[in-house]
Amino acid sequence: MAAEALFTRPWVRTLGLAVTIVALFFLLWQSDESSEPADAVALRGESEPDGFVVNGRYLSFDETGRLTAHFESPRIEQFEARNETIMESPNATLYGDPGNAPWQVQANKGQFMEADDLVHLTGDVRVSQQAQGGRPLTLTTSTLTLDNTERTVYTDAPVELTDSFSLTRATGMKAWIDDRILELDSDVEGRYETGK
């Protein structure tokens, strides 16, 4: 009964209310203090992307609006600080001049450097085109770089170029997509079989 009598006194209730108000103001004041935003890279680690896309597609157009490249990938990861996009198993179609067959490009991994408009392809890179006369033309290498600005592809790695009748091997090459010119750098050897 003594405890009940204590809480019925006005000064005890006023004191309790004052303590509650002071505690509330203290909590509100603490929550208003500015805190430094967390560094996203520090939170997730440098190897984790800023964002990713599943079953993504990238289209590139020239200044006239003509489609020049079409990339697809089951997973695309973007790293904003490095201006870099990583593509898993990229599959691309590169379009040249109208009337020419497009080039089909496949690789295990692709790295798009946005600032330079370069795509670095690595791992079982395969480039093919249905050549004139319906003969398939295929180039295989371990690495290949696509310069979308210059419309060229190049590598310093060994390459193998095959069609229905020939096999050519070389170390390093450069090709101009629109002009349909291929330049082999060194150690060039070829075999040609006549059609039957």
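A residue counts as buried when its relative accessible area is under 20%. In this predicted model, Phe-71 has a relative accessible area of 3%, so Phe-71 is buried. Phe-112, with a relative accessible area of 12%, is buried as well because its value is also under 20%. Tyr-58, by contrast, has 29% relative accessibility and counts as partly exposed.

A pair of aromatic rings is described by the distance of the centres and the angle of the planes. The structure holds 2 aromatic pairs. In one of them, Tyr-58 and Phe-71 are 6.3 Å apart from centre to centre, with 50 degrees between their planes, which makes a tilted arrangement. Phe-112 lies in strand β6 (residues 109-113), so its pairing with Tyr-58 in β1 ties together parts that are 54 residues apart in sequence.

β1 and β2 pair in the antiparallel sense over 10 bridges, and Val-53 stands opposite Ile-76 in β2. The hairpin has 5 residues between the two strands, and Gly-65 in the turn shows a positive phi of about 95 degrees.

Charged side chains meet aromatic rings too. Arg-75 lies over the face of Phe-52, at 4.1 Å from the ring centre. Arg-82 is placed over the face of Phe-79, likewise at 4.1 Å from the ring centre.

Turning to the empty space in the model, a probe the size of a water molecule, rolled over the atoms, shows where such space is left. The largest pocket has a volume of about 270 Å³. Its lining is made up of 17 residues, and those nearest the centre of the pocket are Trp-103, Leu-137, Ala-175, Ile-181 and Leu-182. Two or more lining residues come from each of β7 (118-130), β8 (136-147), β9 (152-162), β10 (166-176) and β11 (181-192). Among the elements, β8 gives the most to this lining, with 4 residues. By class, the lining of the largest pocket comprises 14 nonpolar, 2 polar and 1 charged residues.

Conventions:
Residues numbered from 1 in each chain as written. Predicted model: local features only at pLDDT ≥ 70, side-chain atom pairs only at ≥ 80, totals over all residues. Heavy atoms only, no water. Phe/Tyr/Trp six-rings, centres within 6.5 Å; stacked < 30°, edge-to-face > 60°. Buried < 20%, exposed > 50% of the residue type's maximum accessible area, 1.4 Å probe, protein only. Lys NZ or Arg CZ within 6 Å of the ring centre and 35° of its normal. Pairing = 2+ DSSP bridges. 1 Å grid on protein atoms, 1.4 Å probe; cavity = no way out; pocket = protein on both sides within 12 Å on 5 of 7 lines; lining within 4 Å. Points joined across faces, edges and corners; volume = space filled by probe spheres on them. Nonpolar A, V, L, I, M, F, W, Y, C, P; charged D, E, K, R; others polar.
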